[in-house]
Amino acid sequence: MPGYLDHARVGPLSRPAARALAGANGLATRMAPADLDRLFALGDAARASAARLLDARPHELALSPSTSNGLFTVAAALQGPGTVLVPRGEFPANVYPWLRFEGRGGPDVRLVEPDEGRHITPESLRRRLTPDVVALTVSAVDSLTGHVAPLAALKEVLGPHRLLIVDAIQGLGAVPLEAEAADVLVSGGQKWLRAGWGAALLLIRDRCAARLAPGLGGWAGVAEPFAERHPAPPLPGAAAHLATNPDFPAAAALGAALDDLAGQGGPAAVGARIRATLAELLDRAERAGAEVLLNGLGPAERAGIGTFRLPGHDPAAVHRALEAAGVVTTRRGEWIRLSPHASTPAAATDLFAEALAPFARPTGRARTATAGPATPEPVPPDPASGTPPTRTTSPSSTTLTQEPTCPTT
């Protein structure tokens, strides 16, 4: 679809990933001994491709079923005592693992208020550091605003003895990330990598491996799974945290997507195209009178996500009008999120602008919107729906994180 602008929710399978998935499923229909070996090799190849992208060693990577599963694996591995800092504005997938293991052998959880840019800054992190803090967990890219976390600066403040744990799903494949700063990094492939569900990257660097016990490590994570006595010694590296074998067809799709990313010039080249398209879309939104959330972000501070609202119009009606015009987006409350890809055609921008035309205000560009509270104003009837819209106000930093009832971000 030329108007598909929802890759932050789910990226349609790329052709290389779809071919790899079909080929691996073909192997699984036969399942001769050689075919099984080839399936295992596809998983190894995916880890090798990820290692090149993340400047890591292949044994520092394992394949997890999903981002959430990977984060739960890390939460189970990080044993107390101590405290993990969790920004309150984090997507819930990076909150619940820490809450669930608090009091069950994991560290205490301290929820900290995000800064205005919806990411904790190095300065505010420094103020929050206390001797009991053992880790900070943070999203590489905020799922609502698109703000890119300053991972290297955060790690510098944390120092070598505290862990920086990164949920990278909204950035990996969309923009260059300071991945070398992450002690632990987790990312699924169903969004910007366009690899579908079933396989995620779990990076645990050697420099912190000794601090993470294989809390969820099962038979696939030990050196002698069929030993007469258990527990058997864990495998070296990230594989120690595997509960079972990965989904090999999903791993094949993920590996193909990573190779395709490299073939297109890597995150820098792909990210430049994504950011250019997003900038044009946000410019068209502003021309229609929209407020853009955190519009003051610099080019390197925003990833592939931009969010806007049209004051005076029911956001549900705006969202429906976009969908009717063939423009696919995500709505969170009064905000509408745009997330194009490098594959998004130029026609998408015109399609988007035409869909906004009935809502356009003749007053020129709108001001920058922030995550803080705003004073409610009377809302006129929405010409697109023909019914009075609901009154909305600008949400606080907490309500900005609320999600519709669906499994994707």
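This report describes selected helices, side-chain contacts and backbone features of a predicted model.

Residues are numbered from 1 along each chain as its sequence is written, and side-chain values use heavy atoms, with hydrogens and water left out. Because the model is predicted, local features need pLDDT of at least 70 and side-chain atom pairs count only at pLDDT 80 or more, while totals for chains, interfaces and linings use all residues.

Helices (H or I, at least four residues) and strands (E, at least two) are DSSP runs, numbered from the N terminus. Helix α3 spans residues 67-77, and eight of its 11 residues are buried, so the helix is largely enclosed by the rest of the structure. Buried means under 20% relative accessible area, exposed means over 50%, and partly exposed is in between (1.4 Å probe, protein chains only). The buried residues of α3 are Thr67, Gly70, Leu71, Thr73, Val74, Ala75, Ala76 and Ala77. Their cover includes β1 (61-64), α4 (96-101), β5 (163-167), β6 (184-188) and β7 (200-204).

Ser64 lies in strand β1 and, at 6% relative accessibility, counts as buried. Its side chain makes a polar contact of 2.9 Å with that of Asn69. A polar contact is a pair of N or O atoms within 3.5 Å; within protein, one must be able to donate a hydrogen and the other to accept it, and residues adjacent in sequence count only if both atoms are side-chain atoms. Leaving aside residues up to four places away in sequence, Ser64 touches Asn69, Gly70, Gly198, Ala199, Ala200 and Leu202, where contact means heavy atoms within 4.5 Å.

**Aromatic pairs and a nonpolar patch**

The whole structure holds four aromatic pairs. Rings of Phe, Tyr and Trp (its six-membered ring) pair if their centres lie within 6.5 Å; planes under 30 degrees apart count as stacked, over 60 as edge-to-face and the rest as tilted. One of the four pairs is Phe40 with Phe248, whose ring centres are 4.5 Å apart and whose planes are at 45°, so the pair is tilted. This pair links distant parts of the chain, with Phe40 in helix α2 and Phe248 in helix α8 (residues 248-263), 208 residues apart. Phe40 is partly exposed at 33% relative accessibility, whereas Phe248 is buried at 11%.

Phe40 also contributes, with Met31 and Leu36, to a nonpolar surface patch of about 240 Å². Patches are made of residues with over 30% relative accessible area and no salt bridge; like charges are joined within 9 Å, and nonpolar side chains (Val, Leu, Ile, Met, Phe, Trp, Tyr) within 5 Å. The areas come from the Shrake-Rupley method with a 1.4 Å probe, and for residues only the protein chains shown count as cover. Met31 sits in the loop between α1 (15-30) and α2 (33-54) and is partly exposed at 40% relative accessibility.

**Salt bridges**

A salt bridge is a side-chain nitrogen of Lys or Arg within 4 Å of a carboxyl oxygen of Asp or Glu. The whole structure has 14 salt bridges, and the table gives some of them.

| Salt bridge | N to O distance |
|---|---|
| Arg57 and Asp206 | 3.6 Å |
| Asp283 and Arg287 | 2.9 Å |
| Glu291 and Arg309 | 2.8 Å |

Glu291 in strand β8 (residues 291-293) and Arg309 in strand β9 (residues 306-309) are 18 residues apart, so this pair links distant parts of the chain. Glu291 is buried, with a relative accessible area of 4%, and Arg309 is buried at 10%. Asp283 and Arg287 are four residues apart in helix α9 (residues 266-287), separated by about one helical turn. Arg287 is exposed at 52% relative accessibility. Elsewhere, Arg30, Asp35 and Arg38 are linked in a network of salt bridges.

**Backbone features**

Most residues other than glycine have a negative phi, and most peptide bonds are trans. Gly80 and Pro81 are joined by a cis peptide bond with omega about 5°, and Pro81 lies in the loop between α3 and β2 (83-87). The bond from His230 to Pro231 is also cis, with omega near 10°; Pro231 is in the loop between α7 and α8.

Arg194, not a glycine, has a positive phi of about 55°. Arg194 lies in the loop between β6 and β7 and is buried, with a relative accessible area of 17%. Leu294 has a positive phi near 55° and is found in the loop between β8 and β9. At 9% relative accessibility, Leu294 counts as buried.
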